[in-house]
Amino acid sequence: NAYLEGVPEVVVQGEISSIKLSQGRWYFITIKDEEASVDIFAVGSQIPLCRQLEEGMLVNVYGYPKLYKKSGR
């Protein structure tokens, strides 16, 4: 995370291959393309349109990269 703090906002473009809502507040989303996948975490209250997301949708996700220490993802 120390290295990633210097990375500006990034855009991840791809297809939602998995989306899970935890406790009605936290979204865990996997975005994929032909070459790779990335796991995304989002707080539902900060993203009003999150409830409209579905698996198979093509999306652009804007955010700042960080690693979750527990899993390294």
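1. With 73 residues, the protein would have a radius of gyration near 11 Å as a compact globule, and its value of 12 Å agrees; the radius is taken over C-alpha atoms, and the rule is 2.2 Å times the number of residues to the power 0.38. Along the principal axes, the C-alpha atoms fill a box of roughly 35 × 30 × 20 Å.

2. This is a predicted model, in which local features need pLDDT of at least 70, side-chain atom pairs count only at pLDDT 80 or more, and totals for chains, interfaces and linings use all residues. Residues are numbered from 1 along each chain as its sequence is written, and side-chain values use heavy atoms, with hydrogens and water left out.

3. The protein has 0 helices and 4 strands, in the order β-β-β-β along the sequence. Helices (H or I, at least four residues) and strands (E, at least two) are DSSP runs numbered from the N terminus. Of the contacts with a separation of 6 or more, 50% join residues 24 or more positions apart, a contact being heavy atoms within 4.5 Å.

4. Buried residues amount to 16% of the 73; buried means under 20% relative accessible area, exposed over 50%, and partly exposed in between (1.4 Å probe, protein chains only). The protein exposes about 6,000 Å², of which carbon and sulfur atoms supply 53%, by the Shrake-Rupley method with a 1.4 Å probe.

5. The volume of the largest pocket is about 1,100 Å³. Its lining comprises 33 residues, of which I29, D39, I40, F41 and A42 are the closest to its centre. A pocket is an open set of points on a 1 Å grid over the protein atoms alone, where a 1.4 Å probe fits, with protein on both sides within 12 Å along at least five of seven lines; lining residues have an atom within 4 Å of a point. Points are joined across faces, edges and corners, and the volume is the space filled by probe spheres set on them.

6. Which strand gives the most to this lining? Strand 3 does, with 6 residues. By class, the lining of the largest pocket has 23 nonpolar, 6 polar and 4 charged residues.

7. Q23 lies in the loop between strand 1 and strand 2 and is exposed, at 60% relative accessible area. Its phi is near 55°, a positive value in a residue other than glycine. Most residues other than glycine have a negative phi.

8. A36 sits in the loop between strand 2 and strand 3 and counts as partly exposed, at 48% relative accessibility. Its C-alpha atom is separated by 22 Å from that of L21, 15 residues apart along the chain.

Conventions. Ala, Val, Leu, Ile, Met, Phe, Trp, Tyr, Cys and Pro count as nonpolar, Asp, Glu, Lys and Arg as charged, and the others, Gly among them, as polar.
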